[in-house]
Amino acid sequence: MPRIAAVSLPHLMIELAAESLAVAEGVRKPGARPELPPFAVVLVAREGRAEGDRAGAGEPVSSASLIDAVSADARRFGVRPGQSVAEACALLSRLAVVPLPRETLAAALGRVAEAALAFGATVSLEPPDTVWVDVSGAAHLFGGEAALGAELASRVRALGHVVRVAIAEGPRLAQALARWGSAGSTRDERSVITVEGPRTRAAMALLPITALPMAEEHVAWFARLGVLSLGQLAELPRAA
């Protein structure tokens, strides 16, 4: 069976926006961690122009632009991805809105993909947060899959990113485990999850239902039914 490593970068947009904000505010100093205001990130097609802006295609980032990511400080005030800039600013008037060009995000993923080439010849990426590498037959070169994943995670951290790595039999399985997995899998102290074939079903059953690529309203509908995990979803009668 193929073995695919998924590299999940859960805070990539925040990391890139924080760097941009620090430079813009002139507070970046070597060896120092700048104090940044609470901020939200809006992905844009090019500098200063939002993708999918409800105000109209190609319009600058506006109060109608939808937020793609928020800093931890902004989250504490109730700001969430999916809100409009106007809604978020109503919750937090001093919120800084950072436009992040899609090209900048793709370039960061590309650097991670380049680092992943040391672990397998086939690499792919998916914005906003995932890089995959086919590590089939490569684990013995690193002393096992856990060691391979730990070395891969270490190299991505050296690029300045928070990272989670999971290795499973397929790209979507590995991605879901990297984003959401914890119990029911083998995890080392360096945020690496490995799931062998026979244990895949049991490991996936423990994931929250949000691990599936479904709309938020569908997740909310299942939650009202008390279906919170993939295991609970699998127990429902198929006819229903």
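In the predicted model, L177 is found in helix α6, where helices (H or I, at least four residues) and strands (E, at least two) are DSSP runs numbered from the N terminus. The structure is a predicted model, in which local features need pLDDT of at least 70 and side-chain atom pairs count only at pLDDT 80 or more, whereas totals for chains, interfaces and linings use all residues. Residues are numbered from 1 along each chain as its sequence is written, and side-chain values use heavy atoms, with hydrogens and water left out.

With a relative accessible area of 2%, L177 is buried; the term buried denotes under 20% relative accessible area, exposed over 50%, and partly exposed the range in between (1.4 Å probe, protein chains only). When residues up to four places away in sequence are not counted, L177 touches R164, A166, A168, I193, V195, A203, M204 and L207, a contact being defined by heavy atoms within 4.5 Å. The buried residues of α6 are A174, Q175, A176, L177 and A178, and they pack against β1, β6, β7, β8 (164–168), β10 and α7.

At the level of the whole protein chain, there are 9 helices and 10 strands, and buried residues make up 40% of the 240 residues. Among contacts between residues at least 6 apart in sequence, 53% join residues at least 24 apart. The chain exposes about 12700 Å², of which carbon and sulfur atoms supply 56%; these accessible areas come from the Shrake-Rupley method with a 1.4 Å probe, and for residues only the protein chains shown count as cover.

Helix α6 also takes part in the largest pocket, supplying 6 residues, the largest share of its lining. A pocket is here an open set of points on a 1 Å grid over the protein atoms alone, where a 1.4 Å probe fits and protein lies on both sides within 12 Å along at least five of seven lines, and lining residues have an atom within 4 Å of a point. About 1400 Å³ of space lies in the largest pocket, the volume being the space filled by probe spheres set on grid points that are joined across faces, edges and corners. The lining comprises 39 residues, of which R179, W180, T210, A211 and L212 lie nearest the centre of the pocket. At least two lining residues are supplied by each of α1 (12–24), β4 (69–70), α6 (171–180), α7 (200–205), α8 (216–224) and α9 (230–235). By class, 25 of the lining residues are nonpolar, 6 polar and 8 charged, where Ala, Val, Leu, Ile, Met, Phe, Trp, Tyr, Cys and Pro count as nonpolar, Asp, Glu, Lys and Arg as charged, and the others, Gly among them, as polar.

A salt bridge is taken as a side-chain nitrogen of Lys or Arg within 4 Å of a carboxyl oxygen of Asp or Glu, and by this rule the count comes to 6 salt bridges. One of them joins D129 to R179, with the closest N and O atoms 2.7 Å apart. Because D129 lies in the loop between β6 (123–126) and β7 (130–134) and R179 lies in helix α6, this pair ties together parts that are 50 residues apart in sequence. D129 is buried at a relative accessible area of 13%, whereas R179, at 33%, counts as partly exposed. In a further salt bridge, the closest N and O atoms of R3 and E196 are 4.0 Å apart. This pair links distant parts of the chain, with R3 in the segment before β1 (4–8) and E196 in the loop between β10 (192–194) and α7, 193 residues apart. R3 is buried, with a relative accessible area of 9%, while E196 is partly exposed at 43%. For the salt bridge between D73 and R76, the closest N and O atoms are 2.0 Å apart; D73 is partly exposed, with a relative accessible area of 31%, and R76 counts as exposed at 63%.

The loop between β6 and β7 also contains P128, and the peptide bond from P127 to P128 is cis, with omega near 10°.
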